Amino acid sequence: MTISREETKIIVVGGAGTLGSSTALHLLRNGYTPSNITVLDTYSIPSAQSAGNDLNKIMGVRIRNPVDRQLSSESVDMWKNDELFKPFFHNTGRIDCAHTPEAIEELKEAFEAVRNAGHGLEDTSEWLDSEDEILAKMPLLEREQIKGWKAVFCKDGGWLAAAKAINGIGEVLKEKGVRFGFGGAGSFKAPLFEKDGRTCIGVETMDGTKYYGDKVVLAAGAWSPALVDLEEQCCSKAWVYAHMQLTPEEAAEFKDAPVVYNTDLGFFFEPNEHGIIKVCDEFPGFTRFKNHQPYGASAAKRVSVPRSHAKHPTDTIPYVSQQSILRARDAFLPRFKNRKMFNHALCWCTDTADANLLICEHPKWKNFILATGDSGHSFKLLPNIGMHIVELIENRLSPDLANAWRWRPGSGDALKSRREAAAKDLADLDGWRHDGVQQNGNAEKSVPITVSMAKLGLGSSKVDEEEIVKTGGGPTVEL
């Protein structure tokens, strides 16, 4: 007998991150009873361990296949028109740049793919063939730094106030009466099963709490491969960023400036309301392999396990990344070449071999649904990805999405994914791990966080100061 939406109980593990919070929201929007929705996470919304708990994320249209086209079209529409999400979309435009022959050729191919995709995208993308055309869109770049560059300007692009958007979802979940478990009561330990050992009926968390439901969604982002055995379909990797403080006068010059991205250098955003610019470099990512036994694995094996910045706030980034971020800063913003960077940090995502999501029912465990494999490009899907996860919960996901997101072990190398090279391991790199001790060094050595999370526009919502008290405090396990 089919259970009604009003009666069905859903548990979302990792529900304070991107895919999880979107799932919880769309459960509400599809008529599920709020008290039958349980959101679990080690940290409160927006989870301090989520890649989405960030100052900003790039918004851009990505067309590799029909699934990309559909998801991009949906997300652009919702960021622009959905009342919950549109305050967090800064539609400043995006400039994708290239300067090597190989990168220019790839940029041309990407431009043609967008132009041929339909859905009006041909009217929102423009090829920029000279320094003059690039400077007309972004006059704050310097001509000497962009000689030989080609670019594409996307009118639909810009940036997303990431942590604020997830926090906005959190406020809705709280207001509607969704249940929460955080700290030890929200940290996944194992699925619970019927006597058949196959039908999932809930989860147990690290403090021993047991939650029961009809369906469980594991949307734990980069932590997913360490929690359950994904048979090497996902490889968790860290990317890096740093912040730079502008004066009010300097920040005013960059108001509404488009996001600038160069595939060989990195990218930067306009400053937030506190004059803080985020700069990122571009590279294949860092792994952190450990001998670890995720649930469902027959023995311990090599798994790339994130090291949470929330638990290790004095961690920064490898020395090699400090230099590459400075190279990006000096190319994009040479006027600030003597400006100190701060808040150097690692941001964890998990790649699949083909960069498609892994959203499917676990083949061994009935009613246990995976929602992971973001591959570094899924935050823009915050408004709409939960809609499709609910379709999967209800066994009505379209065949093309189901095929793209299917369980597919052995289908490729997630360590390299679609990037230029395989990721390097943090164990082979110096400068990032401080374990609470600030390093001495020159002005460009990375230092622990010195600016409050509130000033960066990050942190928890009202949801959880009271909820954390109920559930017993902070995290109880370190992988």
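Reader: Of the contacts in the protein chain with a separation of 6 or more, what share is accounted for by residues 24 or more positions apart?

Author: In this predicted model, residues 24 or more positions apart account for 77% of those contacts. The protein chain has 12 helices and 24 strands, and buried residues make up 60% of its 479 residues.

Reader: Why are helix 1 and helix 9 called roughly perpendicular?

Author: Helix 1 (residues 18-29) and helix 9 (residues 385-393) pack at an angle of about 70°. Angles of 65 to 115 degrees count as roughly perpendicular, and therefore the two helices receive that description. Their axes are 7 Å apart, and helix 1 passes helix 9 in a right-handed crossing.

Reader: Which residues of helix 1 and helix 9 meet?

Author: Leu 19, Ser 22, Thr 23, His 26 and Leu 27 in helix 1 meet Ile 385, Gly 386, Met 387, Ile 389, Val 390 and Ile 393 in helix 9. By class, this contact has 7 nonpolar, 4 polar and no charged residues.

Reader: What makes Asn 262 count as buried or exposed?

Author: The relative accessibility of Asn 262 is 0%. Buried means under 20%, so Asn 262 counts as buried. This residue is found in strand 15 (residues 259-262).

Reader: Which residues does Asn 262 touch, not counting those up to four places away in sequence?

Author: Asn 262 touches Cys 97, Ala 98, His 99, Trp 149, Glu 282 and Phe 332. Asn 262 and Asp 281, 19 residues apart in sequence, are 9.0 Å apart in space, C-alpha to C-alpha.

Methods. Residues numbered from 1 in each chain as written. Predicted model: local features only at pLDDT ≥ 70, side-chain atom pairs only at ≥ 80, totals over all residues. Heavy atoms only, no water. Helix = DSSP H or I, 4+ residues; strand = E, 2+ residues; numbered from the N terminus. Buried < 20%, exposed > 50% of the residue type's maximum accessible area, 1.4 Å probe, protein only. Contact = heavy atoms within 4.5 Å. Axes fitted to C-alpha atoms, helices over the stretch in contact; angles between N-to-C directions. Parallel < 35°, antiparallel > 145°, perpendicular 65-115°, else oblique. Left-handed = near helix turned anticlockwise from the far one by under 90°. Nonpolar A, V, L, I, M, F, W, Y, C, P; charged D, E, K, R; others polar.
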